[in-house]
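Hi everyone, thanks for coming. I'd like to walk you through one model today, so please have a look at it with me.

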Amino acid sequence: MWIISILLIVGVSLIVYMVKEAFADRVRELTFRFPSYPVDAPPMKIFFLSDIHKRRVSENIIHAVEDKADVVVIVGDLTEGGVPLSRVEENLDALSSIGPIFFVWGNNDYEVDPDRLKALFQKKGVREIVNDTADYGAVTFIGVDDGTLEKADLPHAMRGTDPDTCQILLSHDPSLSAELTASDGVDLMLSGHTHGGQIRLFGWGLYPKSGVDRLQAVTRVTSAGYGTSLLPLRLGAKAETHIITIGHGSGKE
């Protein structure tokens, strides 16, 4: 009987811990310096997040990053089927208090009525980038539609871009990095989708851990995401957001 009791206590404790990891308000700070970023431009600070799904953006996370970012970038899965549009609106209101919002679509975003979501974006001043570019300050955002649904069109998105300028690729699907070459001149790629595996057992997960990858063609940051898919549980892949600082120079601090 005592063995069953111990197993029950361990099981409940583990679930409590996994819920805590799923609802963590973690902000990671990264700094990148690129020769293409104008030497006379002030550094740009990006609040980067992905995969909000059902979660409400908490006041804690807003307070943690307010006055620390110039712009907000969401790389897909802002919502999913079953999430009331009012919650999405509340999240956008909270995030817009930080700065202007740029958004690219993820696979779960298409589980809701796209027209209603687009109307909300227009109402809230959210700039969606769909296989296109958008200039902001000293950088050019290149935004692609969701690659997992085969909606991404990178060649179309990059038409007319200047490889000598500072370019940041926004893609929900991190595997799109395989389509890049060094000659494209993309300095940084921001992506999500994988949740860092969400639940990792003994270090193993369905997807690689989140983090920074220095690939041949680009430096890629893959977020573990802010929300969860299916169950509100995480293990070994804590919920996260990022403040990313971009400046002139070379390398990463």
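Let's begin in strand E12, which covers residues 241–248 and holds Gly 247; strands here are DSSP runs of E with at least two residues, helices are runs of H or I with at least four, and both are numbered from the N terminus. Before I go on, this is a predicted model, so to speak: local features need pLDDT of at least 70, side-chain atom pairs count only at pLDDT 80 or more, and totals for chains, interfaces and linings use all residues. Residues are numbered from 1 along each chain as its sequence is written, and side-chain values use heavy atoms, with hydrogens and water left out.

Is Gly 247 buried or exposed? Gly 247 is buried, at 3% relative accessibility; buried means under 20% relative accessible area, exposed over 50%, and partly exposed in between, with a 1.4 Å probe and protein chains only. Which residues does Gly 247 touch, leaving aside those up to four places away in sequence? They are Phe 32, Arg 33, Phe 34 and Tyr 37, where a contact means heavy atoms within 4.5 Å.

Now to the aromatics. Searching the whole structure gives 7 aromatic pairs; rings of Phe, Tyr and Trp (its six-membered ring) pair if their centres lie within 6.5 Å, and planes under 30 degrees apart are stacked, over 60 edge-to-face, the rest tilted. One of them is Phe 102 with Tyr 136, edge-to-face, at 5.6 Å centre to centre and 70° between the planes. Phe 102 belongs to strand E4 (residues 101–104) and Tyr 136 to strand E6 (residues 132–136), so this pair ties together parts 34 residues apart in sequence. Phe 102 is buried at 4% relative accessible area, while Tyr 136 is partly exposed at 23%. There is also an aromatic cluster made of Phe 103, Trp 105, Tyr 110 and Phe 121.

Finally, let's step back to the whole chain. The protein chain has 5 helices and 13 strands. Its radius of gyration is 19 Å, close to the 18 Å from the globule rule for 253 residues, so the chain is as compact as a globular protein of that length; the radius is taken over C-alpha atoms, and the rule is 2.2 Å times the number of residues to the power 0.38. Of those 253 residues, 50% count as buried. Thanks, and I'm happy to take questions!
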